[in-house]
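Please look over the structure shown below. A short briefing follows, grouped by topic.

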Amino acid sequence: MPTVRFFAGARAAAGVAEEQVPPGLTLAELAATLASRHGERLGTVLGAAAFLVDGQAWHDRHTPLPAGATIDVLPPFAGG
Amino acid sequence: MPLPPLVQPAEALSVDEIRRYSRHLIIPDVATAGQKRLKNARVLCVGAGGLGSPAMMYLAAAGVGTLGIVDFDTVDESNLQRQVIHGQSDVGRSKAESAAASIREINPLVQVVIHNTALDRDNVFEIFRGYDLIVDGTDNFATRYLVNDAAVLLGKPYVWGSIYRFDGQASVFWAGEPANGPCYRCLYPEPPPPGMVPSCAEGGVLGVLCASIGSIQVTEAIKLLTGVGEPLVGRLMVYDALEMSYRTITVRKDPQCVLCGPNATQTELLADYEDFCGAVSEEAVSATLGATITATELKEWQDAGKDLFLVDVREPAEYEIVRIPNSVLIPKGEVVSGEALARLPQDRQIVLYCKSGVRSAEALAAVKAAGFRDAVHVQGGVLGWVRLVDPSLPAY
Ligand SMILES: [Zn+2]
């Protein structure tokens, strides 16, 4: 099963650092699943976050994510 | 993957330099050769703010020969909670000048170059060309994409860092040879939608977080300049101060990256980075046309006894600091989500304000779309009110 790891604001909104998700989901389905599990605040964060699948940016919203992948969710922030 | 040093060693160290840098010289991995490389190094810090402060102070102390500073801003009292390169007596002074004075005090052997200007597409190449390495400590997406694009197009490495509240991130982006690593756009191809990600000015930042991330940036800078250790290329360091954890994430080069991928389509800088990052969304811009009042006009409306419903769309902590009298707090998120629309009266003049006028513009678009056609927002927000109407109130 794929593992999702949440960072920074995504971790705060999800309330957990990581969790497993059902295999075979697309990125769009994953985002919907996570938002329904953890609430709309996470949904909003996911709208701007980068998704790294085994370290590589994943842009395709409609191809199933690889089984066993680690998916890192990284919200952007620009403060300095 | 270890990388060769960025800088050739200087000819020699003086007696003064040997005394000053002795604790470096006795580390076998730095030693005289490494210190000579630092002496020859030219490092540019973009932004003399939260990250730039500790970064420049430690780079100066470490003996980096030439330190450039780009900043057009002046020191404000609200900077002093974290921008430790500036002091009380620097308030009102140019940040670049103030930082330069601190650097000279820390280490008079450093040659300081002041670029008292905003970095833009017309000057970025010329400025970057004079340096071996860039340290990015800017505070907005537009400048971050500009720094990234210019560095990639010049093939130069830069050390990136970013902070917000209790969270920090750092990495080395070096898409050119010999590193062939990812760039910022490999991670974030496009900026987030306007209004979606709060800045430190809106959301706050723990002051000492600047030191946590700035010191990682300096560590990476010294490693790159001297060629020691494993540089943070292709990895992102993620720091969580509340959890007190550092995690590293692998970030690979994105084969689809428009800037550094094999089929890159972007071969020059963008025409307008502010536009690319859309300080305010198009909906918000059109909502504010003919629906923007100044703080002075708001005061006149209040004094004339106009029946106003004045809404502060900031966050509760900001409302605690300073507010316009007779306002109610409804955070922007509740307005935009539609949750709070039922609290708005149909028969009164609705006036929205925030800190500086960006969030209230976003909220105004939602309020007008919900049918409150006469609603307006206050240009410049509560900061405008402090400046124009009641300077006795604190700005933040
Ligand atoms: Zn790239």
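B:Val43 touches B:Leu59, B:Val64, B:Leu67, B:Tyr131, B:Asp132, B:Leu133, B:Val135 and B:Ala221, leaving aside residues up to four places away in sequence; two residues are in contact if their C-beta atoms, placed from the backbone, lie within 7 Å. This is a predicted model, in which local features need pLDDT of at least 70 and side-chain atom pairs count only at pLDDT 80 or more, while totals for chains, interfaces and linings use all residues. Residues are numbered from 1 along each chain as its sequence is written, and chains are lettered from A and ligands numbered from 1 in the order in which they are written.

**Cores**
- B:Val43, B:Met56 and B:Leu67 touch the most other members of the largest nonpolar core, which has 103 residues.
- Apart from that core lies another, of 30 residues, including B:Ala284 and B:Leu298.
- A nonpolar core is a set of buried Ala, Val, Leu, Ile, Met, Phe, Trp, Tyr and Cys residues joined through C-beta atoms within 7 Å.
- A residue is buried if 20 or more other C-beta atoms lie within 10 Å of its own, exposed if 12 or fewer, and partly exposed in between, with C-beta atoms placed from the backbone.

**Chain B overall**
- Chain B has 17 helices and 13 strands; helices (H or I, at least four residues) and strands (E, at least two) are DSSP runs, numbered from the N terminus.
- Of its 396 residues, 46% count as buried.
- The C-alpha atoms of chain B fill a box of roughly 75 × 50 × 40 Å along the principal axes.

**Helix H5 of chain B**
- B:Lys95, B:Ala96, B:Ser98, B:Ala99, B:Ala100 and B:Ile103 are buried in H5(B).
- The buried residues of H5(B) pack against helix H4 (52-62), strand E2 (66-70) and strand E3 (111-115) of chain B.

**Contact between the chains**
- Chain A gives 17 residues to the contact and chain B gives 33 residues.
- On the side of chain A that touches chain B, helix H1 (8-14), helix H3 (40-48), strand E3 (50-53) and strand E4 (56-57) of chain A each supply at least two residues.

**Backbone details**
- Most residues other than glycine have a negative phi, and most peptide bonds are trans.
- A cis peptide bond joins B:Glu177 and B:Pro178, with omega about -5 degrees.
- A:Asp54 has a positive phi, near 45 degrees, and is found in the loop between E3 and E4 of chain A.
- A:Asp54 counts as partly exposed because 15 C-beta neighbours lie inside 10 Å.
- B:Asn326 has a positive phi, near 65 degrees, and is exposed, with 9 other C-beta atoms within 10 Å.
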